[in-house]
Amino acid sequence: LLPGCTEQRATAIADSIRESIGRQQVLRGGRALGVGVSIGISAFSACDEGSDCLLRRADAAAYEAKRAGRNRVSLAQRPGASGSCGGCENEAACGA
């Protein structure tokens, strides 16, 4: 969690973490293997009654990062931008 952090700053922090992890290597059977990470980012929204919706969006963003080629950072779409909260129970709060 990054309280008070903008989506842009959170993305920059996540990208820095991704790059740091990418510089690591794991030794396996005498071979150095590269390491990568896919990170999903989501921001709290008016429709979030708890952390479930937030985590669901962040999880979906992480899977989107993997689909886009792995070892990436993906920012979840803001709730209501597509006409729904992305599965939340509180659609009315997003204006969807």
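I began with the order of elements, which from the N terminus on is α-β-β-β-α-β. I counted 2 helices and 4 strands in the chain. Both kinds are DSSP runs numbered from the N terminus, helices being H or I with at least four residues and strands E with at least two. This is a predicted model, where local features need pLDDT of at least 70, side-chain atom pairs count only at pLDDT 80 or more, and totals for chains, interfaces and linings use all residues. Residues are numbered from 1 along each chain as its sequence is written, and side-chain values use heavy atoms, with hydrogens and water left out.

I looked up the buried share and got 25% of the 96 residues in the chain. Buried means under 20% relative accessible area, exposed over 50%, and partly exposed in between, with a 1.4 Å probe and protein chains only. Of the contacts with a separation of 6 or more, 49% join residues 24 or more positions apart; a contact means heavy atoms within 4.5 Å.

Helix α1. I noted 16 residues in α1 and a reach of 22 Å from first C-alpha to last, close to the 22 Å expected at 1.5 Å a residue. The expected span is 1.5 Å times one less than the number of residues. Ala 10, Ala 14 and Arg 18 are buried in α1. Seen down the helix axis, the buried residues of α1 fall within an arc of 75°, so they line one face. The arc is taken over the directions from the axis to the C-beta atoms. I found β3 and β4 (73-75) among what covers these buried residues.

Largest pocket. I recorded about 520 Å³ of space here. Of its 20 lining residues, the closest to the centre are Leu 1, Leu 2, Ala 10, Ile 41 and Ser 42. A pocket is an open set of points on a 1 Å grid over the protein atoms alone, where a 1.4 Å probe fits, with protein on both sides within 12 Å along at least five of seven lines; lining residues have an atom within 4 Å of a point. The volume is the space filled by probe spheres set on the points, which are joined across faces, edges and corners.

I traced the lining to α1 (7-22), β3 (39-41) and α2 (51-67), each supplying at least two residues. The largest share, 5 residues, comes from α1. By type, the lining divides into 15 nonpolar, 4 polar and 1 charged. Nonpolar covers Ala, Val, Leu, Ile, Met, Phe, Trp, Tyr, Cys and Pro, charged covers Asp, Glu, Lys and Arg, and the others, Gly among them, are polar.

Gly 69. I placed Gly 69 in the loop between α2 and β4. Gly 69 is partly exposed, at 49% relative accessible area.
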